[in-house]
Each structure stands twice: as structure tokens, then as C-alpha cells.
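Thanks for making time this morning. I would like to walk you through one structure, starting with a few charged side chains and ending with a pocket.

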Amino acid sequence: MGSEREDFNLTGPLHLTTIDWKNVDHRRSIAASLVQGVYMLERDRQEKRQEPQALAPPWWKFFHFKLISQLLDDADSSIFGAIFEFNPSSSNCIQGMDESPRYVIAFRGTITKGDALSRDLQLDLHFLQNGLHRTSRFEIAMRAVRNLVAAVGNSTIWLAGHSLGSAMAMLAGKHMAKIGVVLEAFLFNPPFFSPPIERIKDKKVKHGIRIASSLITAGLAVATKSNHHSNRAENPFVALSAWMPSLFVNPADHICSEYIGYFEHRKKMEEIGAGGIERLATQHSLGGLFMSAIGKHSEEPLHLIPSANLLINSTPSRDFKEAHGIHQWWRSDLHLDAKRYKY
């Protein structure tokens with residue numbers, strides 16, 4: 001048997017007996033549950049649990065989804081993603097059907113137990129080196145996204161992921177958005193690799209560091225001419241602006257909390273009349289500009305996105321494990337501070 005946290009009947013959002021797809025809390029809870037379903041698919045594989053002992057199915061069946069495909073890593077055959085199809089047998093307990101997805105492609109994060117750990121840590125390292133897009137796991141994920149979009153269109157497909165899985169979903173969403181395919185995305189605890197500026201308590205010091213960083217970044221961008229585009233349509237960062245992924249972050253989770261400062265700083269720079277500088281700075285990283293300055297190509301960091309719905313969990317967390325965990329995102333008593341940022 002699995003742990004209590006793995007059992008849907010003990011820790012899942014059982015309060016959602018009636019689903020309203022127009023309710024943002026319901027949409028968030030279901031997306032998070034499907035991601036948890038992917039975690040449990042891998043744990044069932046590791047523990048050799050099959051139905052009726054398998055713990056994964058309730059995480060999607062409760063919401064009238066069925067599993068149509070599992071995404072397997074080619075290096076260790078671990079399950080890192082899944083494609084779910086919404087297939088309600090009755091609409092008696094479902095409202096707002098026109099807002100529901102037809103398919104959800106979900107990705108789990110790093111699993112710290114079992115034989116998937118080694119491969120997951122390799123992927124984490126690739127992310128830190130800004131090389132997730134060069135991994136075979138991402139190629140498998142991207143192929144699944146492209147094939148599904150080609151088969152059914154993009155208006156009813158959701159992307160969802162947690163931690164490393166949210167990085168996979170974000171990268172896939174960015175790739176599709178650049179070719180004009182906008183997919184709704186639910187990104188839980190998306191990693192943002194940078195110095196932990198957000199953890200500085202003194203707001204003036206924190207804001208001063210961010211202003212200095214913006215000035216240096218914008219200056220280097222001008223010096224290296226990396227920002228020169230003949231028009232807005234040719235600017236890949238501007239091309240992404242129509243994509244509005246939902247980022248679910250916890251201030252106590254240093255892995256994702258920098259998104260809070262990233263977007264708040266852009267707003268403050270606009271307020272003090274330095275919006276132009278920040279709009280240039282926010283498209284680049286110091287590391288990438290340095291590589292360009294010495295003649296080496298560098299991919300843009302994954303966390304650089306122009307637009308987002310930022311949802312901050314203001315509910316106190318007992319520790320880092322809780323702050324970074326997927327379980328927080330389907331709680332019925334969650335206190336969220338929602339902000340919309342449009343580039």
C-alpha cells in the first residue's frame with residue numbers, strides 16, 4: 001500500500017462532487033489532480049501495483065477523465081507524463097461544459113523515490129544549465145503535444161505540470177506559442193533559476209538590486225545589439241505575449257518565488273517611468289548576454305516570459321516540502337492572490 005498522501009480517497013479534493021468548469025478554483029484543483037495522477041502512475045509502476053491495488057486511477061476518474069496515453073522516458077522507461085481525455089458519462093454534476101478541456105497533457109516533477117530518481121536529477125541539471133530543450137524526454141513530450149494539436153486542434157488542450165514537469169509544460173507552451181498555437185497552461189511551482197533576491201526582507205534593498213540588474217542587463221543588450229529586430233513581429237519575446245500561462249507559486253518556495261519579484265519589478269519600473277528599460281531587460285539574462293558578448297550562442301532562459309496569470313498562495317506553509325508540494329493546489333481553503341501581467 002502507498003502512503004496516505006498518495007491515496008485520493010484520503011487526500012484528494014473530494015469536495016468537488018459537482019464540477020463547474022467556469023470556476024477557477026475547480027479548474028486549478030482538477031489540473032493539479034491530473035498532475036498528481038502522473039506522479040502516481042510512476043509510483044504504481046515502481047511498486048508494481050496494478051488495479052485494483054493501483055492508486056493512480058482515482059486521480060483522474062473522479063473528474064470524468066480517462067487515460068489515453070502514457071509518456072515514457074527513453075532512458076529508464078519511467079512515466080513522466082500522460083494524456084487524459086475528458087469523457088463525462090453524464091453532465092448531471094458538471095456545469096460550464098463549454099469551458100472544459102477536451103484533453104490535458106500533464107507532466108510530473110522529480111520523484112525522490114525509486115529508480116526514476118537518477119534520471120530526474122539529470123533532467124534537473126539540464127534545466128539549471130538551460131538545456132532542457134536538448135533532452136530526449138522533452139523531445140518525447142514535444143512530439144506528443146504536436147501530434148495531439150495536429151489531430152484535434154488547440155482550443156481544447158490544456159498543459160499542466162509541477163516543478164520539473166511545469167518547466168516541461170512551459171517549454172512546450174513557449175514552443176507552440178511561437179508558431180501561433182496558444183495552449184492553456186497550469187504551471188505549479190515552476191522553477192525560476194536565479195539569485196534569491198525575493199528572499200531579501202528589506203524592500204528598498206531588494207528593489208535597488210533589481211533596478212541595478214535591469215540597468216546592467218539593458219545596457220549589455222544594447223551593447224551586444226541582441227535586441228535589434230526590424231519590427232515587433234520578428235521579436236520572439238513579443239511573439240509570446242499573447243500566451244498567458246497560469247503560474248501557481250508559493251512565496252515560501254525559493255524554487256519558484258522569484259516569479260513574484262520578476263513581474264512586480266516590471267510593474268514598478270513602469271510606474272517610475274523606466275518601462276522601456278525594463279521591457280528590454282526582461283527579454284534577456286546576464287548569463288546569455290555574456291555568452292553573446294564572447295561570441296557564443298545561448299538559449300533564452302526558460303523563466304523569461306512576457307505575460308502570465310500569477311497566482312500566489314498566501315496560505316502559510318509549515319515547511320519547504322509543503323510550500324513546494326503539489327497537494328497545496330487543490331485545497332478548498334486556499335488563499336490566492338491573483339495578478340495578471342500583460343507584456
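Let me begin with two residues that are both buried, namely Arg43 and Glu6. Please keep in mind that this is a predicted model. Arg43 and Glu6 form a salt bridge, in which the closest N and O atoms are 3.1 Å apart. This pair links distant parts of the chain, since Arg43 sits in helix α2 while Glu6 belongs to the segment before α1, 37 residues away.

Glu6 also meets the side chain of Arg49 in a salt bridge, at 3.8 Å from N to O. Because Arg49 lies in the loop between α2 and α3, and Glu6 in the segment before α1, this pair ties together parts that are 43 residues apart in sequence. Glu6 has a relative accessibility of 8%, so it counts as buried, and Arg49, at 13%, counts as buried too. Glu6, Arg43 and Arg49 are joined with Asp44 and Glu47 in a network of salt bridges.

Elsewhere, Arg137 forms a salt bridge with Asp120, with the closest N and O atoms 3.0 Å apart. Here helix α5, which holds Arg137, is linked to helix α4, which holds Asp120. Arg137 is buried at 2% relative accessible area, and Asp120 is buried at 0%. In total, the structure holds 18 salt bridges.

Now to the largest pocket, which has about 970 Å³ of space. It is lined by 33 residues, and those closest to its centre are Tyr39, Thr110, Thr112, His162 and His324. Helix α2 gives the most to this lining, with four residues. By class, the lining has 14 nonpolar, 12 polar and seven charged residues.

How values were computed
Residues are numbered from 1 along each chain as its sequence is written. This is a predicted model: local features need pLDDT of at least 70, side-chain atom pairs count only at pLDDT 80 or more; totals for chains, interfaces and linings use all residues. Side-chain values use heavy atoms; hydrogens and water are left out. On a 1 Å grid over the protein atoms alone, a cavity is a set of points where a 1.4 Å probe fits but cannot get out, and a pocket is an open set with protein on both sides within 12 Å along at least five of seven lines; lining residues have an atom within 4 Å of a point. Grid points are joined across faces, edges and corners, and a volume is the space filled by probe spheres set on the points. Helices (H or I, at least four residues) and strands (E, at least two) are DSSP runs, numbered from the N terminus. Ala, Val, Leu, Ile, Met, Phe, Trp, Tyr, Cys and Pro count as nonpolar, Asp, Glu, Lys and Arg as charged, and the others, Gly among them, as polar. A salt bridge is a side-chain nitrogen of Lys or Arg within 4 Å of a carboxyl oxygen of Asp or Glu. Buried means under 20% relative accessible area, exposed over 50%, partly exposed in between (1.4 Å probe, protein chains only).
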